[in-house]
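Dear colleague,

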Amino acid sequence: MMSQSEKIARRLESVCQVLLVLSGKGGVGKSTVACQLALTLAHLGLRVGLCDIYICGPSVAKITGSEHLGL
């Protein structure tokens, strides 16, 4: 049986590109830019994943309307 980290590593093997939206300052629109970028790429027919690592609040969940889904 594979460990959780092995399962994650196997899934990540198929990732071709990683984009990072980063700033040293809060409130500059990083989550908004990341969501719009992900939506645009998805509309172009690409498979897209979005990981929001934000300690102060669920911005991406609010922007996408998924905060009530518990994702």
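How many helices and how many strands does the protein have? In this predicted model, the protein has three helices and zero strands. Along the sequence, the order of these elements reads α-α-α.

Overall dimensions

The radius of gyration of the protein is 14 Å, whereas a compact globule of 71 residues would have a value near 11 Å. Along the principal axes, the C-alpha atoms occupy a box of roughly 45 × 30 × 30 Å.

Burial, surface and charge

Of the 71 residues in the protein, 11% are buried. The accessible surface amounts to about 6400 Å², and carbon and sulfur atoms account for 60% of that surface. As to charge, the protein carries 7 positive and 4 negative side chains. The centres of these two sets are 4 Å apart.

The largest pocket

The largest pocket holds about 1200 Å³ of space. Its lining consists of 28 residues, and those closest to the centre of the pocket are V18, L19, G49, L50 and C51. Which helices each supply at least two residues of this lining? They are α1, which spans 4–12, and α2, which spans 30–43. The most is given by α2, which contributes six residues to the lining.

The loop between α2 and α3

Two residues in the loop between α2 and α3 deserve a separate note, namely L44 and G45.

Is L44 buried or exposed? The relative accessible area of L44 is 63%; the cut-off for an exposed residue is over 50%, and L44 is therefore classed as exposed. In sequence, L44 is 38 residues from E6, and the C-alpha atoms of L44 and E6 are separated by 31 Å.

G45 has a relative accessible area of 61%. Because this value is also over 50%, G45 is likewise exposed.

With kind regards

Notes:
Residues are numbered from 1 along each chain as its sequence is written. This is a predicted model: local features need pLDDT of at least 70, side-chain atom pairs count only at pLDDT 80 or more; totals for chains, interfaces and linings use all residues. Side-chain values use heavy atoms; hydrogens and water are left out. Helices (H or I, at least four residues) and strands (E, at least two) are DSSP runs, numbered from the N terminus. The radius of gyration is taken over C-alpha atoms; the globule rule is 2.2 Å times the number of residues to the power 0.38. Buried means under 20% relative accessible area, exposed over 50%, partly exposed in between (1.4 Å probe, protein chains only). Accessible areas come from the Shrake-Rupley method with a 1.4 Å probe; for residues, only the protein chains shown count as cover. Lys and Arg count as positive and Asp and Glu as negative; His and the chain ends are not counted. The place of a charge is taken as NZ of Lys, CZ of Arg, CG of Asp or CD of Glu. On a 1 Å grid over the protein atoms alone, a cavity is a set of points where a 1.4 Å probe fits but cannot get out, and a pocket is an open set with protein on both sides within 12 Å along at least five of seven lines; lining residues have an atom within 4 Å of a point. Grid points are joined across faces, edges and corners, and a volume is the space filled by probe spheres set on the points.
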